[in-house]
Amino acid sequence: MLRYVFLFFAYSFVGWCFESTVVSVSQRRPVNRGFLFGPVCPIYGTCAVLMALTLARFTHNIAVLLFAGMLIATFVEFLTGWGMEKLFHTRWWDYSDAKLNIAGYVSLKSSLVWGVLSVLLMRFLHPWVFSLFDKLPVAAAEAIVVAGTFLFGADAGISTYNAVDIAKWTERFHQALHEVRGQIDLRLDPGGLAAKLHLPEGQRLLNRLKLRMLNAYPRMRARNFPDVMALMRARLVEARAALRPRKKKRKDDL
């Protein structure tokens, strides 16, 4: 059991490195990818553990690893995307524009990538990670797992709170847009919406953690208000940019 928990954290970190690198290169800017704020993507760890439990005896059969890995990862990705949308009323990624997608949660292209990754995982990376774990003293392995579990749990709690808050703010943002339409010109007065929401600039709406989530998933959209998320993200960026000169001035005054 200890070995597989270690495996989960190890591959969650490897997956975060892979995902953040791919997204950062595609967007040409550093992106901390993932639902959690720490350097982990649990979907990779979950898939890796399931593959380790079910595909260990097929390591010499690349075809089985490819197709079985595709099925496992596609199921996990679909279930994760569907579950997160049901829980937070927000779609975090969307493959609707891709060919041969299933409800926008998974696509043939992403499944093929998962299949290739599963072959690399089981044939090359997996033996090395298990070898690394076996070389660790039992006390060190236990300490890593306990610390990782504690940090993971705390991160999951904070991330869930912020994700729920984003969903709430999206609804309030939508209501505020409806109320102020015709009263203020947001292009000329971007702070008018914050005032309408009774938010001091820099308060919860501008929370750095929430903004990181929005930046990590540029295609994130609210299920009931699909067009609001992009506008909210733009207003957050504008408001944070407006705060920087004030922060600099306060530092200069000190």
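Of the 254 residues in this chain, 41% count as buried. The model you are looking at is predicted. Its chain holds eight helices and four strands, and along the sequence they come in the order α-α-α-β-β-β-α-α-α-α-β-α. Among contacts with a separation of 6 or more, 71% join residues 24 or more positions apart.

Two packed helices are described by the angle between their axes and the distance between the axes. Here are the two helices to look for, with the residues that touch:

| Helix | Residues | Residues in the contact |
|---|---|---|
| α1 | 2-27 | L2, R3, Y4, F6, L7, A10, Y11, V14 and F18 |
| α4 | 108-135 | L117, L121, L125, H126, V129, F130, F133 and D134 |

The residues of this contact divide into 14 nonpolar, one polar and two charged. The axes of α1 and α4 come within 11 Å and cross at roughly 125°. Angles from 65 to 115 degrees count as roughly perpendicular and those over 145 as roughly antiparallel, so α1 and α4 are oblique to each other. The crossing of α1 past α4 is right-handed.

**A look at α2**

Now find helix α2, residues 42-54. At 1.5 Å a residue, its 13 residues should span 18 Å, and this agrees with the model because the end C-alpha atoms are 18 Å apart. Which residues of α2 are buried? They are I43, Y44, G45, C47, A48, V49, M51 and A52. These buried residues pack against α1, α3 (62-88) and α4.

Terms used
Residues numbered from 1 in each chain as written. Predicted model: local features only at pLDDT ≥ 70, side-chain atom pairs only at ≥ 80, totals over all residues. Heavy atoms only, no water. Axes fitted to C-alpha atoms, helices over the stretch in contact; angles between N-to-C directions. Helix = DSSP H or I, 4+ residues; strand = E, 2+ residues; numbered from the N terminus. Parallel < 35°, antiparallel > 145°, perpendicular 65-115°, else oblique. Left-handed = near helix turned anticlockwise from the far one by under 90°. Contact = heavy atoms within 4.5 Å. Nonpolar A, V, L, I, M, F, W, Y, C, P; charged D, E, K, R; others polar. Expected span 1.5 Å × (residues − 1). Buried < 20%, exposed > 50% of the residue type's maximum accessible area, 1.4 Å probe, protein only.
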